[in-house]
Structures are given as structure tokens and as C-alpha cells.
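Open the model in your viewer and keep the sequence panel beside it. The tour below goes from one selection to the next.

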Amino acid sequence: MEFNTRLLHGGAIPVNPGREILPPIAQVTAFRYGSMEELESVFQHKSMGYAYSRIGNPTLTALEQRINELEGGVGAVCCSSGMSAITNALLAVCNSGDEIIAASRLYGGSIDLFHDLEKLGIHTVFVRELTAEACRERINEKTRVIFGEFISNPSLQVLDIPALAAVAHEAGIPLFVDSTTATPYVANPLSLGADVVIHSTSKYINGGGNSIGGVIVDGGKFAWDFEKHAALREFKKYGKRALSVRLRTDIWENTGGCMAPMNAFLSYIGLDTLGLRMEKICKNADRLAKALAELPGIEVNYLTLETHPYHQYVDKELNGYGGGILTFRTGSKEKAFRIVNALKYALIASNIGDIRTLVIHPASTLYIHEAAEEREAAGVFDDTIRVSVGIEDAEDLIRDFTEAIAAAETGAEL
Ligand SMILES: *Cc1c(COP(=O)(O)O)cnc(C)c1O
């Protein structure tokens, strides 16, 4: 071998493959085969194997299998972002001319996506309170899916999944749930009757704030009517697995929304500590919410507060947890900015689910594309602050917020 040939083909035999305690990071574009016959067989789906990382990669498989197991699905697909996961899941079941029923209280990016889908001929009917009754009234012959966030970010509306699933299933429509803020530790939408679960893994699953990603988990129980769901017709022979198969071999593969192998690895490590983090985060959020609720002029929105309209769901669907997000209203945008600017530990950042406490003024950032009316329907007011509670010591967080609010009140410099 001459130099450049030796550079590429000399040595490089993997040591001890298959014995790693963590999945190896298969940071490759493609996988090599010993013969053309073997690669042909992989392409024909006659033998298992990876060919090209947009279509499948072992590091993604490791994360997919774990999340699928936690959610109780029949198959998961890791996407480049939460938005990619939502886009892929919806495009897999909707054609032009079809309709979606969605909650108004959604992550801002999701509302933006529904606006984009209008241009593809997919119309979304928004519902202020995504209840079973509201859906029953709006379902028509064009409706193909009901979409909502289990615990809406940031307004904290909780879906009554068993009731919604009953109405949806009666009409032959699946229920898709974005469970990013609930996390697989706090709640399991599939076990309550949802058909598909979506997560932005960028948030609590990763937990360390180091990579964007998303995942779709197919519950595999929905009995598709292939006349109604024409988008899945070509996949009829797969029956209840039609959605998984279409995602994996068609939409997800063709839109190119695969997760990066390094991000899959980082999220895999993050997932290891999801239970520990959520215990601490939920405890901290509960204590911080109760402390803030004592302060004059501050209106707190957190699920474990007994005055919260969705308080009953904490025990009914969320295993006693309130999640890691709380919001509070301050009286004015100016005051909200003063409070946020005065915080010492909470970082000003547009993210949630980090181990560090993060704060943001959503109206001026995440909901900048939405009209005031749409923003308010999503539970975002001009004076709202969103807090994604981290794993710091609760006493320090309570002191930080209490002092910042007091300073904003008096206008004192901190
Ligand atoms: C962040 C978020 C998304 C979008 O996820 P990305 O990974 O940022 O694309 C979707 N839904 C919810 C509830 C989110 O919080």
C-alpha cells in the first residue's frame, strides 16, 4: 500500500466490539459490507443491517429501543429535533385536504408548524381547551388526527387522555400526544390510551442541555381504517404497524430528519438519570411554586397548587408529580423583565428540561410569531415568566426568586 491507501485501509480493526457498557457512537455516514450480495440483501430488507445513517444507525437504535421500552410502544424513531418528530408524525397520517384537531395551548414552534402545514393543504382546527366534548363537536369526515401536549408548555393544561382517546377512537381517529414536559418518568400516555407519543429529547430526556433531538413512539394498537387514512394506504399490509413502517421506510427516511449519532449517544447518557432528575426537579418546582404563591402581586401557575384547574390530574395521570415547569404573572412586562434580569442562579435561556434552572419571558421570544390573541390562548401573557426548574438546592432557588421579585418591586439595584 502506498501512503494514502495505507492511511485509509491499514490497521483499524475494532477492539473488543460488543462489550462496551454504553452504545458505541457510530459516527459514520455509511456501513461497509463484505460482498455486494450482502448489501443487496440489506436493501431488500431480507437481512438486518445498517447501510446509511439517514436510514438507520446503531447508536440511534440503542436510544430508540430504550425510549420505546419506557413508553411501551412497538417502535420508536429518533429525529433530528422535536419539531422534526412532530412534522414526521403528522405527515405520516395526513394528506393535502385532511384536517387536524389541535390544542391552542402548544409550544410556539408547534403552532408555527401548523401554520406551515396550511400551505400544504393540511388544515388545523385549534381548540382552546382540548377536551373530549370539544373534539366530539369538531370531528368531521376530514379529521385524521387529534394532537395535544400532555402538560402544555407553558400554560400547564393537562389532557384527559382516556376521555380524549375514547372520543377519537369512536370516530376512527388516533390521538397523538407530545409528552415532552411530562417525560416518561412522570407519565405514560400510551398506557392511558394515546396512540402515538412524541418527545423533544432536547429537553428532559437529554437533561444536560447539550443536544437537539426528538423521538416518535408508535403504540401499535390503533386499528387504521385505510380508506380514511389514505396517507397510510400503501402500508396496509402492515396493519397496526403501518405508521411505524411508513415512518421508518418512507417519510422519516425521505425527509432526512434523522438524529445525529453523537446526539443519540448524549441523550442516551442523559436518559440514564431521568428518574433521579425528575424526582428532584418536581420537588424543587413544587417548593418554589408554593413559596412564590405566598408573595403579594404574583400569580403562580403550577399543577400541584390546589387552586390549579388541572390539579386533579396530578394524582389521576401524573403519578403525583407536577413536572418541572411553572409560570408566574407579575403585573407587567417591565416588571417581568426586571425580575428575570435580577435573578442570580436562573439562567436566561430559551430551553426547558435542563439540570440548571432556566427562565424566559415567553411573549417576547417563543411566541413572537403569534398574534396577541393566539398567545393568550396558549396561556402566555405580557407579564408571564416561565421557569424551567433545575436540580439546584430549593432553598437557594426560593431565595433567588424572592430577592429578585422584591428588588423588582422597589426598583433597587441588586
Ligand atoms: C421544545 C419543544 C418542542 C420542539 O422541540 P425541539 O427539539 O426544540 O425541536 C416541541 N414540543 C414541546 C412541548 C417542546 O417543549
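Select Asn319: does it count as buried or exposed? At 54% relative accessibility, Asn319 counts as exposed, where exposed means over 50% relative accessible area, buried under 20%, and partly exposed in between, with a 1.4 Å probe and protein chains only. This is a predicted model, in which local features need pLDDT of at least 70 and side-chain atom pairs count only at pLDDT 80 or more, while totals for chains, interfaces and linings use all residues. Residues are numbered from 1 along each chain as its sequence is written, and side-chain values use heavy atoms, with hydrogens and water left out.

**Backbone angles**

Stay on Asn319, which lies in the loop between α13 (312-316) and β9 (325-329). Helices (H or I, at least four residues) and strands (E, at least two) are DSSP runs, numbered from the N terminus. Asn319 is not a glycine, yet its phi is positive, about 50 degrees.

Next, select His45, in the loop between α2 (36-43) and α3. His45 also has a positive phi, near 60 degrees. With a relative accessible area of 64%, His45 is exposed.

Now go to Asn153 and Pro154, which are joined by a cis peptide bond with omega about 5 degrees. Pro154 sits in the loop between β4 (143-149) and α7 (161-170). For background, most residues other than glycine have a negative phi, and most peptide bonds are trans.

**Helix α3 against helix α11**

Colour residues 58-71 (α3) and 261-272 (α11): their axes come within 8 Å and cross at roughly 35 degrees. Axes are lines fitted to C-alpha atoms, for helices over the stretch in contact, and angles run from 0 to 180 degrees between N-to-C directions. This crossing is left-handed; that is, the near helix is turned anticlockwise from the far one by less than a right angle, whereas clockwise would be right-handed.

Show side chains for the contact (heavy atoms within 4.5 Å). Among the residues that make it are Leu60, Leu63 and Ile67 of α3 and Ala264, Phe265 and Tyr268 of α11. The contact of α3 with α11 divides into ten nonpolar, two polar and two charged residues. Ala, Val, Leu, Ile, Met, Phe, Trp, Tyr, Cys and Pro count as nonpolar, Asp, Glu, Lys and Arg as charged, and the others, Gly among them, as polar.

**Helix α10 and Val245**

Move to Val245 in helix α10 (residues 242-255). Val245 is buried, at 16% relative accessible area. Beyond its neighbours within four places in sequence, Val245 is in contact with Phe235, Tyr238 and Asp250.

The crossing of α4 and α10 is right-handed. Its contact residues include Ala89 and Leu91 of α4 and Leu247 and Trp252 of α10.

**The whole chain**

Zoom out. The chain has 16 helices and twelve strands. Its C-alpha atoms fill a box of roughly 75 × 60 × 35 Å along the principal axes. Of the 414 residues, 54% count as buried. Among contacts between residues at least 6 apart in sequence, 71% join residues at least 24 apart.
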